[in-house]
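The sequence and structure come first.

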Amino acid sequence: MNVPFLDLRQQVVALREEFEQGFAEVLDNTAFAGGPVNIRFEEAFAAYCGTSEAIGVGSGTEALWLALLALDIGPGDEVITVPNTFVATVEAIHFTGATPVLVDVDPVSYNLDPAGLEAAWTPRTRAVIPVHLYGQPADMDPILAWAAEKSVSVIEDAAQAQGARYRDRPAGSMGQLGCFSFYPGKNLGAFGEAGAVVTSDAELAKRVRMLRDHGQSRKYYHDLIGWNGRMDGLQAAVLNVKLPRLDAANEARRQHAARYSQCLEGAAPQLILPRERADVRHVYHVYAVRCPERDRLLDAMRERGVACGIHYPVPVHLQKAYQYLGQGERSFPIAEAVSREELSLPMFPELTDEQIDYVCSSLLDALKVLGMTVEDRPADCSNQPTA
Ligand SMILES: *Cc1c(COP(=O)(O)O)cnc(C)c1O
């Protein structure tokens, strides 16, 4: 059996007619850059996130950058985030002219550890960007409380967490601004590059809208120095088809995660499974396990026909381009351990139980071959005792 890490084809096949109808609407009204199809998506996505506004932009990276610019963050300012994120989080901070300041993550969720914020703070700290890594929201209440006390803004990097919830609040709705990516592989993915900023602050929404459109207050009147950061009409048409299906797709991911966990729980002492906080709805953009010998395990899985991923092999502070950040007094032992040990198992809504069972039996077999202690188990996950 071959199990891909991600299969985007199945949803394209299943919804092809609806996509084509959506494209036809864009062609018919030639709304290629903005227009009614984009407005419909922005309204639907704001409602989905429980915010008063959503502003479609060109990518998740751009969403983060424009959110920072909307807060007037720039040279001389500092913005706190984590080292184990996709590099775009730090990139966006860099390109405002502000200085990224990193804090380590907690060892259970791999998300920003609120206990690290105080030591990272200086009078120049303007914002903190928690990343809802792998689809699990960061522990937002202590982050929000600390930020409010320090008059620091909170921008959520919810690029991996469309539809996730923290204590019943939607990801993206808790900070001053929430940023989403609709890169094709994300839980809500376009057919190219797209992103969105959500907020319930009317003034910030207005600034993001202007910034993504050359700083215009009306056509050819530029009140701010802006940028071209608009979402294409064709991408909005795709997202309008997929958004109503996002909850079902996330539910499928959650069921796959539960099957993985049921199959693997307790099977090998050196294998650490994802741990879901009791107060969140994790949407499993990534099902991330940890294990020593990760690199050999990745190869062994490939030999067994299972494509796995690594998110991410090098934390930001050890990337060549970001050496200038230096580590100063700070160290990031958890982020570094995760970068050495994390392995992402195949995850997409259309995954079958048979594929999941094959991934699990392949993983246990590979661990055994690599010399680790593994309990003997039947290959059918539904026979495992519930953890
Ligand atoms: C994907 C991603 C981004 C960037 O989004 P793009 O749409 O690819 O620009 C930012 N942050 C995180 C955590 C991501 O996973």
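Strands β2 (residues 78-81) and β3 (residues 99-102) run parallel and are joined by four bridges. The chain gets from β2 to β3 by way of helix α5 (residues 88-94), and this β-α-β crossover is right-handed. Across the pair, T81 stands opposite L102 of β3. The model is predicted, and its local features are reported at pLDDT of at least 70.

## Three-stranded open sheet

Three strands form an open sheet in the order β7-β6-β12, and their pairing is antiparallel. The edge strands, β7 (169-170) and β12 (280-281), each pair on one side only.

Strand β6 (residues 165-166) pairs with β12 in the antiparallel sense, over two bridges. Y166 has V280 of β12 as its bridge partner. Strands of a sheet pair through backbone hydrogen bonds, in either a parallel or an antiparallel sense.

## Helix α8 and its surroundings

At the start of α8, D201 places a side-chain oxygen within 3.0 Å of the backbone nitrogen of E203. The helix spans residues 202-211, and its buried residues are L204, A205, V208, M210 and L211. An α-helix has 3.6 residues a turn, so residues three or four places apart point the same way. L204 and V208 are both on the buried list.

Key: Residues numbered from 1 in each chain as written. Predicted model: local features only at pLDDT ≥ 70, side-chain atom pairs only at ≥ 80, totals over all residues. Heavy atoms only, no water. Buried < 20%, exposed > 50% of the residue type's maximum accessible area, 1.4 Å probe, protein only. Polar contact = N/O pair within 3.5 Å; in protein donor to acceptor, adjacent residues only side chain to side chain. Pairing = 2+ DSSP bridges. Right-handed = clockwise from strand over helix to strand, strands pointing away.
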